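Please keep the sequence and the model open beside the text.

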Amino acid sequence: MRTGYAFLTALSLSLIQCASATFYLKDKWVGQDFFYGWNWETETDPTRGRVNYVDQASAMSKGLAYVEGNQFFMRADDWSIVNPTARGRDSVRISSQSAYDDALFVLNITHMPAGCATWPAFWTLSQAGPWPNGGEIDIIEGVNLNQINQATLHTTPGCTMPTDAFRQPQSGTTLSTDCNTAVNFNAGCGVRFTGTPYSFGDSFNQIGGGFYAMSKTRSHGVQVWFWPRNSPSIPTEISRDAQKGEPVSPDWSWGPPAANFPMYPGYCNYEQHFNAHQMVFDLTLCGDWAGNVWAQSGCGAGTCEDFVNNNATAFHEAYWTIDSLRVYTSQW
């Protein structure tokens with residue numbers, strides 16, 4: 001039985017999750033750094049979005065990627081009418097050239113893409129692949145006018161999560177427990193950030209953003225934290241700058257993660273479903289999620305695709321402003 005001794009032992013260990021984990025700063029990106037060490041992807045959007053991903057040179061020349069001060073901006077085109085025969089509205093998708101096994105990812109952002117038809121995401125996936133082998137971890141994701149973030153795992157068959165009562169500590173709400181991409185239309189096993197305000201969309205942007213952190217380890221599974229910019233509870237090691245090799249140890253002072261994905265015996269084996277991950281930022285439009293829920297989005301009549309084609313100024317808020325991205329690994 002899953003509720004046997006091994007499971008209860010794992011549960012008790014989860015209650016002190018991350019207390020003994022120490023990570024060391026490996027890589028950091030600020031401002032111009034994002035123009036190096038990242039792949040600027042131009043393939044057709046795999047989620048069937050109404051979007052045209054452009055290369056780095058095109059993104060820079062068109063003003064879709066640029067730096068102001070020490071902040072890095074990526075955005076969708078907000079000035080063009082899109083021909084119905086074109087691939088879609090210009091946007092950006094980048095993936096890190098480096099991949100990380102046991103690691104802690106810390107993202108400081110001031111603004112994320114928001115508005116009707118948008119589907120922004122910051123996520124990680126196996127560099128070895130092919131997807132879904134090696135897993136996918138969605139850290140920031142939502143669509144249209146959503147104001148609450150969702151973190152999700154997507155895996156090969158055989159990885160499930162316990163219900164809320166058996167995955168504490170966690171401040172969010174479990175939406176689904178089967179991470180298998182082949183079921184539930186690839187919904188994955190998601191957690192909605194109901195316990196933390198301002199985690200997504202316009203509400204996030206209006207307070208000046210905040211900090212996201214994601215830990216992935218064999219010993220504790222996957223955890224995602226979020227602190228709004230105006231929170232008095234942001235850990236010092238998250239909010240301040242850091243130098244290469246500097247250690248950080250997530251502990252109870254961080255508060256409960258918004259999403260906790262423990263790897264309990266009989267539920268999900270980390271070694272079978274996760275390995276070294278690369279990071280991805282993307283901004284697609286419509287597609288399999290934002291497009292499929294368009295009718296219930298509150299964004300008006302017509303189709304999502306027609307909205308993207310004909311309403312350039314609606315994408316004025318469709319941009320990322322990234323202050324910094326840091327990756328800590330278990331070995332320095």
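The protein's secondary structure comes to seven helices and 19 strands. Here helices (H or I, at least four residues) and strands (E, at least two) are DSSP runs, numbered from the N terminus. The model is predicted: local features need pLDDT of at least 70, side-chain atom pairs count only at pLDDT 80 or more, and totals for chains, interfaces and linings use all residues. Residues are numbered from 1 along each chain as its sequence is written, and side-chain values use heavy atoms, with hydrogens and water left out.

**Overall build**

The C-alpha atoms fill a box of roughly 60 × 45 × 35 Å along the principal axes. Of the 332 residues, 56% count as buried. Buried means under 20% relative accessible area, exposed over 50%, and partly exposed in between (1.4 Å probe, protein chains only). The protein exposes about 13300 Å², and carbon and sulfur atoms supply 52% of it. Accessible areas come from the Shrake-Rupley method with a 1.4 Å probe; for residues, only the protein chains shown count as cover.

Among contacts with a separation of 6 or more, 76% join residues 24 or more positions apart. Contact means heavy atoms within 4.5 Å.

**Cores**

The largest nonpolar core has 64 residues. Ile140, Leu153, Phe281 and Trp320 have the most contacts inside it. A second, separate core of 15 residues includes Leu25, Ile234, Ile238 and Tyr328. A nonpolar core is a set of buried Ala, Val, Leu, Ile, Met, Phe, Trp, Tyr and Cys residues joined through side-chain atoms within 4.5 Å.

**Sheet and strand pairs**

Eight strands form an open sheet with antiparallel pairing, in the order β2-β7-β18-β9-β10-β11-β13-β12. β2 (38-40) and β12 (173-174) stand at the edges with a single partner strand each, so one side of each is left without a neighbour in the sheet. Two strands pair if DSSP finds at least two bridges between them.

β5 (residues 71-75) is mostly covered, with four of its five residues buried. β4 and β5 form a hairpin with two residues between the strands, where Gly69 takes a positive phi near 65 degrees.

| Strand pair | Bridges | Facing residues |
|---|---|---|
| β2 and β7 (93-96) | three | Asn39 and Ser95 |
| β4 (65-68) and β5 | four | Glu68 and Gln71 |
| β5 and β19 (319-329) | four | Phe72 and Ile322 |

**Backbone exceptions**

Most residues other than glycine have a negative phi, and most peptide bonds are trans. Where does this chain depart from that?

A cis peptide bond joins Gly129 and Pro130, with omega about -10 degrees. Pro130 sits in the loop between β9 (118-126) and β10 (136-141). Another cis bond joins Gln168 and Pro169, with omega about 5 degrees. Pro169 lies in the loop between β11 (150-154) and β12.

Ala117 has a positive phi of about 80 degrees although it is not a glycine. Its place is in the loop between β8 (103-111) and β9. Ala117 counts as buried because its relative accessibility is 0%. Phe185 also has a positive phi, near 55 degrees, in the loop between β12 and β13 (189-192). Phe185 counts as exposed because its relative accessibility is 88%.
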